[in-house]
Amino acid sequence: MFAVHCTVVWPALALAAFVAYACSWELADLVGATPKWPVIACAGLAGLALAGLSMRLPPAAVGIAGTVVGVAALLRRIKAKGATGTDFFSVLWIVAPIVAAMELQMSSAAASKPHLIGPNLVLLAAGPLWIGDTAALLVGRAYGKHPLAPAISPNKTWEGAVANFLASAMTGAVLSLFIGPPAWVGLLVGALAGVTGQTGDLLQSALKRSVNKKDSGGILPGHGGLLDRMDSLLVSLPFSVLLLAALQPPA
């Protein structure tokens, strides 16, 4: 059983480690940390510490606590415009959600009924955000007239935000039909993602604006950095994992 568990999980762990490394590097570059290796080291230590805590405490609660601390550290840095460098608390914004997602992944790989807790539910937590972002872009461009947060992200509109929320909720309900949880569980997860995901997007926009940068990096040609693509997930994932753990416990 242990061998099967490890075989199923290790590719996801390798991917998570790469994402944490790349996003931490981009965060260090955004805030002007020189050299960057202390930021990477902080991210690694934070990941190990949170993983250890998750073995003793509810993983979703650990993920949310870490995310809240990380977001608070980022807000403090955003307020102090022009400040350089980063710290242990800032990288929690990146590491804590990834640890929460991996705990969900691993609990699924060990479950006797894979449709209840696992990679499928990670998809249920992340999928609504992708569709919601697309809906916001299309509706915002076609019908957007009322700015959502012009001082932070001038292109975002209330029309796009509403479209994002509705599309996220509906996507969660539809995905649940194929994944296993009841449709109402997927609807709630999608609706929560539609709110928390947009909050994460605005947070990342505020961080970039505070340091006068358009993108977090160039790892994705035409799309900026990996952190630009992960900002919604980083805030949304721990809350989605908590909701899934409460509504769809492992069998």
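Modeller: A salt bridge is a side-chain nitrogen of Lys or Arg within 4 Å of a carboxyl oxygen of Asp or Glu. We are looking at a predicted model, where local features need pLDDT of at least 70, side-chain atom pairs count only at pLDDT 80 or more, and totals for chains, interfaces and linings use all residues. Residues are numbered from 1 along each chain as its sequence is written, and side-chain values use heavy atoms, with hydrogens and water left out.

Colleague: Thanks! How many helices and strands does the protein chain have?

Modeller: Helices (H or I, at least four residues) and strands (E, at least two) are DSSP runs, numbered from the N terminus. Along the sequence they follow the pattern α-α-α-α-α-β-β-α-α-α. The total for the protein chain is eight helices and two strands.

Colleague: What percentage of the 251 residues is buried?

Modeller: A residue is buried under 20% relative accessible area, exposed over 50%, and partly exposed in between (1.4 Å probe, protein chains only). Ser 24 in helix α1 (residues 2-30) is an example: its relative accessible area is 0%, so it is buried. In the protein chain, the buried share of the 251 residues is 49%.

Colleague: Which residues does Ser 24 touch, leaving aside neighbours within four places in sequence?

Modeller: Contact means heavy atoms within 4.5 Å. With those sequence neighbours set aside, Ser 24 is in contact with Val 39, Ile 40, Ala 43 and Ile 94.

Colleague: Back to your opening definition: how many salt bridges does that rule give?

Modeller: Side chains of opposite charge can pair when their charged atoms come close. By the rule I gave, the count comes to three.

Colleague: Which residue meets Asp 29 in a salt bridge?

Modeller: Asp 29 has 33% relative accessibility, so it counts as partly exposed. At 3.7 Å, N to O, its side chain forms a salt bridge with that of Lys 36.

Colleague: How do Lys 156 and Asp 201 compare: is each one buried or partly exposed?

Modeller: Their side chains meet in a salt bridge of 3.2 Å, N to O. This pair links distant parts of the chain, 45 residues apart, with Lys 156 in strand β2 (residues 153-157) and Asp 201 in helix α7. Lys 156 has 23% relative accessibility, so it is partly exposed. Asp 201 has a relative accessible area of 18%, so it is buried.

Colleague: Which residue forms a salt bridge with Lys 208?

Modeller: Lys 208 sits in helix α7 (residues 183-210), and at 12% relative accessibility it counts as buried. Its contacts beyond four places in sequence are Leu 30, Lys 213, Lys 214, Asp 215, Ser 216 and Asp 228. From this list, the salt-bridge partner, with the closest N and O atoms 3.0 Å apart, is Asp 228.

Colleague: Is Asp 228 buried or exposed?

Modeller: The side chains of Lys 208 and Asp 228 also make a polar contact (3.0 Å). That term means a pair of N or O atoms within 3.5 Å; within protein, one must be able to donate a hydrogen and the other to accept it, and residues adjacent in sequence count only if both atoms are side-chain atoms. With a relative accessible area of 7%, Asp 228 is buried.

Colleague: At what angle do α7 and α8 pack?

Modeller: Two packed helices are described by the angle between their axes and the distance between the axes. Axes are lines fitted to C-alpha atoms, for helices over the stretch in contact, and angles run from 0 to 180 degrees between N-to-C directions. For α7 and α8 the axes are 7 Å apart and the angle is about 145°.

Colleague: And how far apart are the axes of α3 and α7?

Modeller: Helix α3 (residues 59-79) packs against α7 at an angle of about 30°, and the axes are separated by 9 Å. The residues that make this contact are Val 71, Leu 74, Leu 75 and Ile 78 of α3 with Leu 203, Ala 206, Leu 207 and Ser 210 of α7.

Colleague: One last thing: how far apart in space are Leu 244 and Leu 104, C-alpha to C-alpha?

Modeller: Leu 244 lies in helix α8, and it counts as buried because its relative accessibility is 0%. In sequence, Leu 244 and Leu 104 are 140 residues apart, while in space their C-alpha atoms are separated by 9.2 Å.
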